Amino acid sequence: MIAHVLTELYPWTKSLHVMSVIAWMAGMFYLPRLYVYHCETKRGSAESERFKVMERRLLKQIINPAMIASWTFGGLLMATPGVIDWASGWWLTKFTAVLLMSGFHGALSAWRRAFLEDRNTKPQRFYRIANEVPTVLMAVIVIMVIARPF
Ligand code: HEM
């Protein structure tokens with residue numbers, strides 16, 4: 001019964017999954033960029049305080065709910081009969097990359113708290129490099145689910 005409903009809803013679940021993932025990725029690409037610019041401001045300045053507001057809103061209003069939605073709809077797709085070949089390399093690689101993406105999300109949250117409490121010690125270069133992590137993971141994920149090279 002549940003399997004039947006999931007199969008009927010499959011194209012809708014997948015559409016909602018892709019929409020959530022787009023919102024999640026938009027935030028994951030932009031938040032480390034904000035940290036790059038935040039590094040250029042003086043502690044306690046009005047500019048630094050404004051970055052704190054932007055960072056909080058982006059994380060709490062976009063990135064966190066979008067990640068929850070991506071996992072929810074992704075989980076429903078996983079539960080849909082016949083969607084995943086569990087032994088396939090593409091699925092294992094995608095799932096690993098998604099776990100790493102979620103871990104990076106956790107790191108972004110921790111770094112936001114450090115900026116909020118004026119105790120960031122990482123240099124701007126660190127955030128410039130960190131900025132590339134979600135891009136690489138996203139490329140791996142999309143190639144795995146669409147081209148499925150193995
Ligand atoms: C959050 C955890 C995630 C889970 C549990 C998950 C799981 C899934 C599953 C089971 C499918 C169905 C595959 C199929 O229809 O054959 C799917 C499709 C898809 N996922 Fe995810 N996913 C997650 C995150 C992501 C992320 C972060 C991205 C992109 C950066 C992404 C991009 C896609 C795309 C583009 C499709 C559609 C592929 C197609 O056309 O068949 N997913 N996902």
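How much space lies in the largest pocket? In this predicted model, the largest pocket holds about 720 Å³ of space, and the ligand takes up the space of that pocket.

**The largest pocket**

- The lining of the largest pocket is made up of 27 residues, and those that lie nearest its centre are His-17, Leu-77, Lys-94, Ile-141 and Val-145.
- Two or more residues of this lining come from each of helix 1, helix 2, helix 3 and helix 5, and helix 1 gives the most, with 8 residues.
- Sorted by class, the lining of the largest pocket consists of 21 nonpolar, 3 polar and 3 charged residues.

- The ligand, whose space is the largest pocket, has its shell supplied with two or more residues by each of helix 1 (2-38), helix 2 (46-79), helix 3 (89-116) and helix 5 (133-147).
- Around the ligand there are 21 residues, of which Tyr-10, Lys-14, His-17, Lys-94 and Arg-148 are the closest.
- By class, this shell divides into 14 nonpolar, 4 polar and 3 charged residues.

**Polar atoms facing the ligand**

- An oxygen atom of the ligand lies 2.4 Å from a polar atom in the side chain of Tyr-10.
- In the side chain of His-17, which is also among the residues nearest the centre of the largest pocket, an N or O atom is 2.9 Å from a nitrogen atom of the ligand.
- For Lys-94, likewise listed among the residues nearest the pocket centre, the distance between an N or O atom of the side chain and a nitrogen atom of the ligand is 2.6 Å.

- Thr-41 has its place in the loop between helix 1 and helix 2, and it is classed as buried because its relative accessible area of 14% is under the 20% cut-off.

Conventions:
Residues are numbered from 1 along each chain as its sequence is written. This is a predicted model: local features need pLDDT of at least 70, side-chain atom pairs count only at pLDDT 80 or more; totals for chains, interfaces and linings use all residues. Side-chain values use heavy atoms; hydrogens and water are left out. A residue is near a molecule or strand if one of its heavy atoms lies within 4 Å of it. A polar contact is a pair of N or O atoms within 3.5 Å; within protein, one must be able to donate a hydrogen and the other to accept it, and residues adjacent in sequence count only if both atoms are side-chain atoms. On a 1 Å grid over the protein atoms alone, a cavity is a set of points where a 1.4 Å probe fits but cannot get out, and a pocket is an open set with protein on both sides within 12 Å along at least five of seven lines; lining residues have an atom within 4 Å of a point. A molecule sits in a cavity or pocket if more than half of its atoms lie within 2 Å of its grid points. Helices (H or I, at least four residues) and strands (E, at least two) are DSSP runs, numbered from the N terminus. Ala, Val, Leu, Ile, Met, Phe, Trp, Tyr, Cys and Pro count as nonpolar, Asp, Glu, Lys and Arg as charged, and the others, Gly among them, as polar. Grid points are joined across faces, edges and corners, and a volume is the space filled by probe spheres set on the points. Buried means under 20% relative accessible area, exposed over 50%, partly exposed in between (1.4 Å probe, protein chains only).
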